[in-house]
Amino acid sequence: MKATEARYRMGVAGSLGGLMAWACGAFIPMLAALSAESGWIAELLDSSLIGLCIGGFGAGIAAAISRHRTGWSAVSRWLTGACAGLAAGL
């Protein structure tokens, strides 16, 4: 695979992860019904969700397009990326 194709696919992965996180995160303040003083909890959940989605999608797609993949490599890389993204969001 060419480097330009890999960059394109990773760009799509990041965009898709960000869009999914935004779509879900838009409803966090409404579903949580938090007061104005505890609005930071919704922000924390939202940033964690963004990190989780972008990290998971990025690592999962990177594993799927890798030449050296096995059956569980995509799943394990997705989990690793999701955990790293969650930690970064927190």
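I started with helix α4 (residues 73-89), which has 17 residues and reaches 24 Å from its first C-alpha to its last, close to the 24 Å expected at 1.5 Å a residue. For the record, helices are DSSP runs of H or I with at least four residues, numbered from the N terminus, and the expected span is 1.5 Å times one less than the number of residues.

Before going on, a note on the source: this is a predicted model, where local features need pLDDT of at least 70 and side-chain atom pairs count only at pLDDT 80 or more, while totals for chains, interfaces and linings use all residues. Residues are numbered from 1 along each chain as its sequence is written, and side-chain values use heavy atoms, with hydrogens and water left out.

**Faces of α4.** I looked up which residues of α4 are buried (under 20% relative accessible area; exposed is over 50%, partly exposed in between; 1.4 Å probe, protein chains only). They are Ser-73, Gly-81, Ala-82, Gly-85 and Gly-89. Seen down the axis of α4, these buried residues fall within an arc of 155 degrees, so they line one face of the helix. The arc is taken over the directions from the helix axis to the C-beta atoms. In general, an α-helix has 3.6 residues a turn, so residues three or four places apart point the same way. On the face turned away from the buried side of α4 I found the exposed residues Thr-80, Cys-83 and Ala-87. What do the buried residues of α4 pack against? They pack against α3, with contact meaning heavy atoms within 4.5 Å.

**Over to α3.** Helix α3 (residues 39-64) has 26 residues and spans 37 Å from first C-alpha to last, close to the 38 Å expected at 1.5 Å a residue. Its buried residues include Ser-48, Cys-53 and Ala-59, along with Gly-51, Gly-55, Gly-56, Gly-58 and Gly-60.

**Ser-48.** This α3 residue counts as buried because its relative accessibility is 7%. Not counting residues up to four places away in sequence, Ser-48 touches Leu-86, Gly-89 and Leu-90. I also noted that the Ser-48 side chain reaches the backbone oxygen of Leu-44 at 2.8 Å. The rule for a polar contact is a pair of N or O atoms within 3.5 Å; within protein, one must be able to donate a hydrogen and the other to accept it, and residues adjacent in sequence count only if both atoms are side-chain atoms.

**Ala-59.** Also in α3, Ala-59 touches Arg-77, Trp-78 and Gly-81, leaving out residues up to four places away in sequence. Its C-alpha is 7.6 Å from that of Thr-80, 21 residues apart along the chain.

Ile-28 is in contact with Ala-42, Leu-45, Asp-46 and Leu-49, its neighbours within four places in sequence aside.

**Cysteines.** Cys-53 sits in α3 and touches Gly-17 and Ala-21, not counting residues up to four places away in sequence. Cys-53 is buried at 13% relative accessibility, whereas Cys-83 is exposed at 52%. How many disulfides (pairs of cysteine sulfur atoms within 2.5 Å) did I find? The count is zero. The sulfur of Cys-83 is 13 Å from the closest cysteine sulfur, in Cys-53, so that pair is too far for a bond.

Notes:
Helix = DSSP H or I, 4+ residues; strand = E, 2+ residues; numbered from the N terminus. Disulfide = S-S within 2.5 Å.
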